[in-house]
Amino acid sequence: MARLQFAVSLALVLPLLAAIYWHESCAMDFAGAFMISMGCGTFFDNYGELQHEKLTLREGLAITCITWFMIATVCSLPFLAGHYLSLVDSIFEGFSGITC
């Protein structure tokens, strides 16, 4: 889970750098989403250790669903922070962005 969150953080760097290069006002929106994503990844890296080696099917499904929802929520943060879309629309865009 932490590795996927770090990968999302790195994916947010590209639009952040583009916004900084072209002096866009949305650079802080991407910077905030990057910081939140890195914070979540660091939290899961420090506190998300397995208690046993094998995961059950139920645990694997729960981890997959929670990770998918969290990554889509983090991807929706720039839309929400910039007041471009409403809460529901920004979360929809986050989900559609990671599923295409």
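What share of the contacts in the protein chain with a separation of 6 or more comes from residues 24 or more positions apart? The share is 64%, where contact means heavy atoms within 4.5 Å.

Before you click, note that this is a predicted model, in which local features need pLDDT of at least 70, side-chain atom pairs count only at pLDDT 80 or more, and totals for chains, interfaces and linings use all residues. Residues are numbered from 1 along each chain as its sequence is written, and side-chain values use heavy atoms, with hydrogens and water left out.

**Stop 1: the whole chain.** Show the cartoon and you will find four helices and zero strands (DSSP runs: helices are H or I, at least four residues; strands are E, at least two; both numbered from the N terminus).

**Stop 2: α2 and α3.** Select residues 27-47 for α2 and 57-81 for α3; their axes come within 8 Å and cross at roughly 155° (axes are lines fitted to C-alpha atoms, for helices over the stretch in contact, and angles run from 0 to 180 degrees between N-to-C directions). That makes the two helices roughly antiparallel, a word for angles over 145 degrees. Now show side chains: F30, I36 and F44 are among the α2 residues that meet α3, where the partners include M70, V74 and L77.

**Stop 3: S90.** Next, pick S90 in helix α4, residues 87-99. S90 is buried, with a relative accessible area of 0% (buried means under 20%, using a 1.4 Å probe and protein chains only). Around S90, look for S76, F79, L80 and L85, which S90 touches, not counting residues up to four places away in sequence. Finally, find the backbone oxygen of L87: it lies 2.9 Å from a polar atom of the S90 side chain.

Methods
Buried means under 20% relative accessible area, exposed over 50%, partly exposed in between (1.4 Å probe, protein chains only). A polar contact is a pair of N or O atoms within 3.5 Å; within protein, one must be able to donate a hydrogen and the other to accept it, and residues adjacent in sequence count only if both atoms are side-chain atoms. Angles under 35 degrees count as roughly parallel, over 145 as roughly antiparallel, 65 to 115 as roughly perpendicular and the rest as oblique.
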